[in-house]
Amino acid sequence: MINPKTLLEVNNLSTTFHRGGVALPAVRDVSFSVGQGEVLGLVGESGSGKSVTLRSILGLSRRYGQVTGDVRWIGQDIASLSERKLRHIRGGEIAMIFQEPMTSLNPLLTVGMQLDETLKAHTDLGRIARRDRAIEMLDHVGIPAAASRLGEFPHQFSGGMRQRVMIAIALAANPKLLLADEPTTALDVTIQAQILDLILSLADEMAMGVILVTHDLGVVAQTCNNVAVMYAGRIVEQGAVRQVLRMPRHPYTLGLMRSVPQDVPPRTQLYSVPGTPPSLESLPIGCAFAPRCQNRTDHCLTARPSLDTITSCRRLACFNPVSVKKVGAA
């Protein structure tokens, strides 16, 4: 397997929020890397820390919480950069698509003004060249009559078209890395496929790395090279997509796989992982997944497993992994 040039290295990233004097560890000791042209999927239930991880990489969580760890962007430590210096990287070298475009796009500014804002901040283009680039990007993401739509407001676009506008803004300055936080949420299946195909084709065309946050394992199987499964703020299993999804070793990963309906007879009750994720205010002392795990032992309730390397491209945090067997094609 070709080892692409490493763009982003995250080591022991932790983010803690505080409420009423109580520490809420939203992300704990997360480590991964993303290479040029690589698509990494971050998977897990709601509240597992996926979105906070992306925001912490860009320093967006520092205003509300305490962020520690090492974040290196093309060898440069950006975790300790000032807000002013970090702004040159945000939107320019590292771009982000947020989960809901209607809360990310400014309803009071036209789409053209919001594209121009990004281009003005991260390029040396003049006014006319910025307009031409804005039209080019809207056309590039499949918005018809791009020139005439620069003067329209976000509410004049459909959900799928707003998401395309978000992608155009994110990619306007030719970033090297794209952080996509559930970019297909609340879109119908057809539009989801179009948006994902668009992101992947642009990533391939621009040799861009991508971190894709999702809860859909089908999307991961179709789009990602590598996957990191998160639970209660930690990565519990990590590796190549084909290995992890074909032969999951962590009981939580297996539970997520079993939750995907495959050849289920009509009127059959669908499987779901028993129990609910733990509250950040009362995380278990040992393995966070132990209360929901059928493989747990007394040791799991008192000790926290570390994320250890089990093969050259596979990492696992579990004292009692499931037996190795194929559960489906990836």
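User: How does α5 lie relative to α7, and what is the word for it?
Analyst: α5 and α7 are oblique to each other. Keep in mind that this is a predicted model. The general idea: two packed helices are described by the angle between their axes and the distance between the axes. Here the axes of α5 (residues 127-140) and α7 cross at roughly 130° and come within 9 Å. Angles over 145 degrees would count as roughly antiparallel, and 65 to 115 as roughly perpendicular, so the rest of that range is oblique.

User: Is the crossing of α5 and α7 left-handed or right-handed?
Analyst: The α5 and α7 crossing is right-handed.

User: Which residues of α5 and α7 meet?
Analyst: α5 brings Arg133, Met137 and Leu138. α7 answers with Val165, Ala168 and Leu171. By class, the α5 contact with α7 has 5 nonpolar residues, 1 charged and no polar.

User: Now α4. At what angle do the axes of α4 and α7 cross?
Analyst: Roughly 25°, with the axes of α4 (residues 111-122) and α7 coming within 8 Å. α4 and α7 are therefore roughly parallel to each other. Their crossing is right-handed. On the α4 side, the contact uses Val111, Gln114, Leu115 and Thr118. On the α7 side, Val165, Ala168 and Ile169 take part. This contact of α4 with α7 divides into 5 nonpolar, 2 polar and no charged residues.

User: And α8? How do the axes of α7 and α8 cross?
Analyst: The axes of α7 (residues 159-171) and α8 (residues 189-206) cross at roughly 15° and come within 10 Å. That makes α7 roughly parallel to α8. The crossing of α7 past α8 is right-handed.

User: Which residues of α7 and α8 meet?
Analyst: From α7: Gly160, Gln163, Arg164, Ile167 and Leu171. From α8: Ile191, Gln194, Ile195, Leu198, Ile199, Leu202 and Met206. The residues of this α7 contact with α8 split into 8 nonpolar, 3 polar and 1 charged.

User: Let us turn to rings. How many aromatic pairs does the whole structure hold?
Analyst: A pair of aromatic rings is described by the distance of the centres and the angle of the planes. A search of the whole structure finds 3 such pairs.

User: Which residues do ring pairs link into a cluster?
Analyst: Tyr231, Tyr252 and Phe289 are linked into a cluster by ring pairs.

User: Where does the charged end of Arg149 sit?
Analyst: Over the ring of Phe157. The charged end of Arg149 is 4.1 Å from the centre of that ring.

User: And which ring does Arg258 lie over?
Analyst: Arg258 lies over the face of Tyr271. The distance from the ring centre is 4.0 Å.

Technical notes:
Residues are numbered from 1 along each chain as its sequence is written. This is a predicted model: local features need pLDDT of at least 70, side-chain atom pairs count only at pLDDT 80 or more; totals for chains, interfaces and linings use all residues. Side-chain values use heavy atoms; hydrogens and water are left out. Rings of Phe, Tyr and Trp (its six-membered ring) pair if their centres lie within 6.5 Å; planes under 30 degrees apart count as stacked, over 60 as edge-to-face and the rest as tilted. A charge sits over a ring if NZ of Lys or CZ of Arg is within 6 Å of the ring centre and within 35 degrees of the ring normal. Axes are lines fitted to C-alpha atoms, for helices over the stretch in contact, and angles run from 0 to 180 degrees between N-to-C directions. Helices (H or I, at least four residues) and strands (E, at least two) are DSSP runs, numbered from the N terminus. Angles under 35 degrees count as roughly parallel, over 145 as roughly antiparallel, 65 to 115 as roughly perpendicular and the rest as oblique. A crossing is left-handed if the near helix is turned anticlockwise from the far one by less than a right angle, and right-handed if clockwise. Contact means heavy atoms within 4.5 Å. Ala, Val, Leu, Ile, Met, Phe, Trp, Tyr, Cys and Pro count as nonpolar, Asp, Glu, Lys and Arg as charged, and the others, Gly among them, as polar.
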